[in-house]
Amino acid sequence: MPKDGSVVRLDGQGKPLWLVLELTYECPLKCPWCSNPVDYARRKGEELTTDEWKRVLREGRELGALQLGFTGGEPLLRDDIEELVADATALGYYTNLITSGVGLSEARLVKLKEAGLKQIQLSLQSSERELTDRLVGARVHDLKLDVARRIKAHGFPMVLNVPVFRHNIDQVADILELAADLGVDYLEFANLQYYNWALLNRDELMPTRSQIEAAEHAVQQMRERVGDRMTIYFVIPDYYEGRPKACMNGWGAIHLTIGPDGAAMPCQEARAIEGLDFPTVREKSLDWLWNESPTFRKFRGDEWMREPCRSCDDKETDFGGCRCQAFLLTGDAANTDPACSRSPHHHLIGDAVERAHAPGRTVVPLVMRTAGNARLQRSGEGDHA
């Protein structure tokens with residue numbers, strides 16, 4: 001498959017350029033591909049206070065962070081989001097709110113604009129009301145479209161994020177038309193990467209290669225039609241590429257995530273790796289966590305690499321791929337990402353693709369994101385890893 005050109009290559013010169021604050025794991029939706037930990041109810045701990053988040057913001061800027069994402073769960077469930085945005089604006093961050101749209105009222109949009117929020121990324125799961133509502137376990141489709149129009153009316157860049165999987169990939173052409181009608185400035189089709197809840201539901205969510213190729217064709221046709229009026233990204237899934245993505249431009253290179261309880265992570269999925277310790281901002285300064293934490297140092301550079309990564313010409317391009325995916329699929333985060341065709345574990349990817357589309361396979365219901373379903377997963381039911 002052709003590269004889509006949306007993969008960022010960036011040398012952070014040792015700085016955490018992208019700071020992501022997971023303000024809460026609470027969410028009104030039950031998306032079965034959620035990136036939050038499967039055992040999120042146990043992981044969330046006591047959420048950081050407003051003052052603690054403000055200290056994180058200050059220390060992040062001192063480290064050189066520039067881009068800031070407020071996310072969750074649903075960040076709008078925090079009643080201090082406007083205050084945090086204002087503080088981040090005063091510190092000089094480029095601020096981005098990543099939201100389902102639930103809770104983004106007219107009054108809050110006004111307050112967020114006044115606080116200096118620069119961008120809002122809204123999620124949409126389908127071009128059809130019934131499918132959207134069924135996939136997320138709530139009646140929110142019409143609300144999302146209303147919120148999209150309000151975002152545009154308040155002058156924010158209209159950024160629409162569409163997770164792509166078997167249930168909605170055949171709607172890509174319709175979603176493109178809907179996005180054009182809404183006046184979307186940036187549209188990201190994000191083919192699912194299989195971590196956490198998405199991994200739990202992988203056999204039911206994975207699209208076929210022919211579906212992906214048809215969706216790419218629809219995207220290319222729309223690009224030719226709209227030109228610069230709408231930027232469209234189509235992020236190709238690792239499982240069909242044969243080479244891993246340069247995940248976060250390398251472990252602990254440019255990206256720093258802070259969980260609701262203050263845990264510092266090199267990416268939002270890192271808690272999936274068992275055996276790693278994630279100290280919190282309540283215990284250590286952000287400077288120590290970024291520069292000295294054994295967790296952040298563990299997979300930096302290439303000293304940790306085994307063969308075939310160690311002698312691979314691409315190791316400074318893909319950084320060995322994703323440590324989380326390596327752990328989830330092989331049980332060892334130091335292994336070559338199985339998404340790489342050179343990995344001795346690459347057959348795990350092929351097996352997953354074959355199993356997901358085997359003729360006559362049994363279709364099972366999606367496991368929705370709930371604390372109860374997480375307990376089932378921890379007891380061993382539905383484990384695809």
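**A helix and its surroundings**

Tutor: The buried residues of α4 pack against α3 (81-91), β3 (94-99), β4 (119-123) and α6. This is a predicted model, in which local features need pLDDT of at least 70 and side-chain atom pairs count only at pLDDT 80 or more, while totals for chains, interfaces and linings use all residues. Residues are numbered from 1 along each chain as its sequence is written, and side-chain values use heavy atoms, with hydrogens and water left out. Helices (H or I, at least four residues) and strands (E, at least two) are DSSP runs, numbered from the N terminus.

Helix α4 spans residues 106-115, and its buried residues are R108, L109, L112 and A115. Buried here means under 20% relative accessible area, exposed over 50%, and partly exposed in between (1.4 Å probe, protein chains only). These residues lie on the same side of α4 because they cover an arc of only 125° around the axis; the arc is that of the directions from the helix axis to the C-beta atoms. After α4 comes G116, with a positive phi near 100°.

L124 is buried, its relative accessible area being 2%. Leaving aside neighbours within four places in sequence, L124 is in contact (heavy atoms within 4.5 Å) with H141, K144, L145, L160, N161, V162, P163 and L178. L124 and A190 are 66 residues apart in sequence, and their C-alpha atoms are 11 Å apart in space.

Helix α6 (residues 141-153) also meets α5 (residues 129-136): their axes come within 8 Å and cross at roughly 105°. Axes are lines fitted to C-alpha atoms, for helices over the stretch in contact, and angles run from 0 to 180 degrees between N-to-C directions. On the α5 side the contact is made by R129, T132 and D133, and on the α6 side by H141, D142 and K144. By class, this contact has no nonpolar, 2 polar and 4 charged residues. Ala, Val, Leu, Ile, Met, Phe, Trp, Tyr, Cys and Pro count as nonpolar, Asp, Glu, Lys and Arg as charged, and the others, Gly among them, as polar.
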